[in-house]
Amino acid sequence: MSRRAGFILSLVLLLMLGLLASYLLGKLEPYEDVVEHGPAPEVASSPYLAAEHFLRKQGLKAQRAEGLKVLDGLPSQGQTLMLLADRSNMTPRQVERVLQWTANGGHLLFIAERLWDEEEGKSGDLLLDLLGIQQYMSDELDEEDGGETEEGHEEGEAYPQLTKLYLENEDAPAYIAFDTDFHLFDSQNRAHAWANSDAATHLLQLYHGDGLITVLSDPWIWQNRNINEYDHAWLLWYLGQDSAVTLLYHAERDALASLLLRHFPLALVLLALLLVALLWHVGMRHGPLQAPASRARRQLEEHLRGSADFLLRRSGQHSLLKGLQQDIARRARRRYPGFEKLAVAEQWQVLGRLTRLPAKDISQAMRPLPPQRLSASDFTRQVAHLQTLRNAL
């Protein structure tokens, strides 16, 4: 074959490849790569952010408060205060202040946080005890005294696990997915309205002076991931309608922060002292080197490290992890008597309520250990899960 013929053949092959490529490109369809970045930082740090936006979308004035100091400038009339945060640090004086604000015409909504202790005759939740409302585990109730039940609960009705709120002039109730493990009991018979699931009561309303109090068994129905389920958003609107709503995420502001805000001149002096101490500390670090630890101290550290390695080799991973789980159970019994008598699923629910950790973290830490030996990374990760749960208790 001559050089010219070879050149022509090469051009023909290139032309054919070009046409083939053009045909294949015409058959390709455009596509997009979607990258999930997860929730925005504002959403992750505000579990009720969706609830705030929903209320505003319904035309209600909604604001977020960081502490009970908001009551100093919050009128009672035409206002709803929703205490959705942990109230374990509330003082008797603060409880009295909140109830007085309600008696002046406000609407107070809060979450029951403690179970009733028959032996002590109280729950430790100051708001519940003062109002005569007792919270129980629903599986501990006797059938005869299972609390208030609404007319209309019949055997075989639809959705027995959902709480039903019946309203006048409405043919069907509103459905809310409260946690059915908990039951509210009105020991003083003050409630004028309530809502039940098939086994327990989860919402109570009672008058207090010129105001209104609403008590819920749990707040998870209004968190970002749950508010769009069933009639959760509707219930939020219904309880806050015709008022301005204040959602309080943290019932108690940090004591040191409050002190600094009230005593600004003193705060400046403390800040100056802190700066001097920091400079002194930095200066000392650039001074003479410290003498090495004593021989006895080094021997003690080596002994502790060796003991830990020995226990791991002798007892194995499962023994050490089982010991951590048992320690968690012991700590839980101190805060929840009878914890050891509960079924495993109920124990995990109680741990979630005591620690406010997600159910995924509880199951990750307390699930049965696999029979096979864990890898070093899995063992370290499991220890971290258990330590996080134990520290939260």
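Trainee: Which residues have the most contacts inside the largest nonpolar core, and how many residues does that core have?
Mentor: The core has 26 residues, and Met-82, Leu-84, Trp-222, Leu-235 and Leu-247 have the most contacts inside it. A nonpolar core is a set of buried Ala, Val, Leu, Ile, Met, Phe, Trp, Tyr and Cys residues joined through side-chain atoms within 4.5 Å; buried means under 20% relative accessible area with a 1.4 Å probe, protein chains only. This is a predicted model, in which local features need pLDDT of at least 70 and side-chain atom pairs count only at pLDDT 80 or more, while totals for chains, interfaces and linings use all residues. Residues are numbered from 1 along each chain as its sequence is written, and side-chain values use heavy atoms, without hydrogens and water.

Trainee: Which element gives the most to this core?
Mentor: H6 does, with four residues. Helices (H or I, at least four residues) are DSSP runs numbered from the N terminus.

Trainee: What is Met-82 in contact with, leaving aside its neighbours within four places in sequence?
Mentor: Its partners are Leu-109, Trp-222, Leu-236, Val-245, Thr-246, Leu-247 and Leu-248, where contact means heavy atoms within 4.5 Å.

Trainee: Which residues does the second, separate core include?
Mentor: That core of 25 residues includes Leu-81, Val-98, Trp-101 and Leu-184.

Trainee: Now to the helices. At what angle do the axes of H10 and H11 cross?
Mentor: The axes of H10 (residues 344–355) and H11 (residues 359–366) cross at roughly 125° and come within 9 Å.

Trainee: Which residues make the contact?
Mentor: H10 supplies Trp-348, Leu-351, Gly-352 and Thr-355, and H11 supplies Ile-362, Ser-363 and Met-366.

Notes
Buried < 20%, exposed > 50% of the residue type's maximum accessible area, 1.4 Å probe, protein only. Helix = DSSP H or I, 4+ residues; strand = E, 2+ residues; numbered from the N terminus. Axes fitted to C-alpha atoms, helices over the stretch in contact; angles between N-to-C directions.
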